[in-house]
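Welcome! Take a look at the model first, and then read on.

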Amino acid sequence: METDMNKLAQIAKPSSTAAKERARWRRENREWLRLSQDIALYIHYYLHTSGLTQKELADRLGVSPVYVGKLLKGGENLTLETICKLQRVMGEVIVSVAHPYTTSMLVQLSAPAPFSSNAEQSDTYSSNGQFTNEGFVPAICEVA
């Protein structure tokens, strides 16, 4: 048994300082690294579904193909400018910010108010297939 422990001690080496530093850096930057990896997966999915090559995507973004390769590795700290370019090219929002200061409110009325007799009315198509020119439909209003 002692011989096996001696062999294990010879084989097992302590982690190098560089490896410890890389692990510490990854822990400290975990949040944006995960987001970068998610964006990289989305870019891979976009390339696959759209049939584009990395070079074609680089041309559309106005960056080098080498930079697109870095994006696809998932370790690049993207700027807001790059994120906006990606969203514009892909036609999708890939990063969004919560808007807690905006409130949406549904306005409900007990009964539609009829138009006055001298108001101009437009014909509206109703759900039963008939045209009607009575009242209005309440809408959702945004309150800032």
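Axes are lines fitted to C-alpha atoms, for helices over the stretch in contact, and angles between N-to-C directions run from 0 to 180 degrees. Helices (H or I, at least four residues) and strands (E, at least two) are DSSP runs, numbered from the N terminus. The model is a predicted one, in which local features need pLDDT of at least 70 and side-chain atom pairs count only at pLDDT 80 or more, while totals for chains, interfaces and linings use all residues. Residues are numbered from 1 along each chain as its sequence is written, and side-chain values use heavy atoms, with hydrogens and water left out.

**The overall layout**

The protein chain has 6 helices and 4 strands. Read from the N terminus, its elements run α-α-α-α-α-α-β-β-β-β. Of the 144 residues, 18% are buried, a word that stands for under 20% relative accessible area with a 1.4 Å probe, protein chains only.

Two packed helices are described by the angle between their axes and the distance between the axes. Here are two such pairs:

| Helix pair | Axes come within | Crossing angle |
|---|---|---|
| α4 and α5 | 8 Å | roughly 105 degrees |
| α4 and α6 | 10 Å | roughly 110 degrees |

Angles of 65 to 115 degrees count as roughly perpendicular. That is why α4 and α5 are roughly perpendicular to each other, and α4 and α6 are therefore roughly perpendicular too.

Contact means heavy atoms within 4.5 Å. Ala, Val, Leu, Ile, Met, Phe, Trp, Tyr, Cys and Pro count as nonpolar, Asp, Glu, Lys and Arg as charged, and the others, Gly among them, as polar.

In the second pair, L57, R60 and L61 of α4 touch K85, L86 and V89 of α6. These residues divide into 4 nonpolar, no polar and 2 charged.

**The core**

Which residues have the most contacts inside the largest nonpolar core? They are I43, L57 and L86, in a core of 17 residues. Such a core is a set of buried Ala, Val, Leu, Ile, Met, Phe, Trp, Tyr and Cys residues joined through side-chain atoms within 4.5 Å. The elements that give two or more residues to this core are α3 (30–50), α4, α5 (65–73) and α6. Leaving aside residues up to four places away in sequence, I43 touches L57, L71, L72, L86 and M90.

Conventions: Parallel < 35°, antiparallel > 145°, perpendicular 65-115°, else oblique. Buried < 20%, exposed > 50% of the residue type's maximum accessible area, 1.4 Å probe, protein only.
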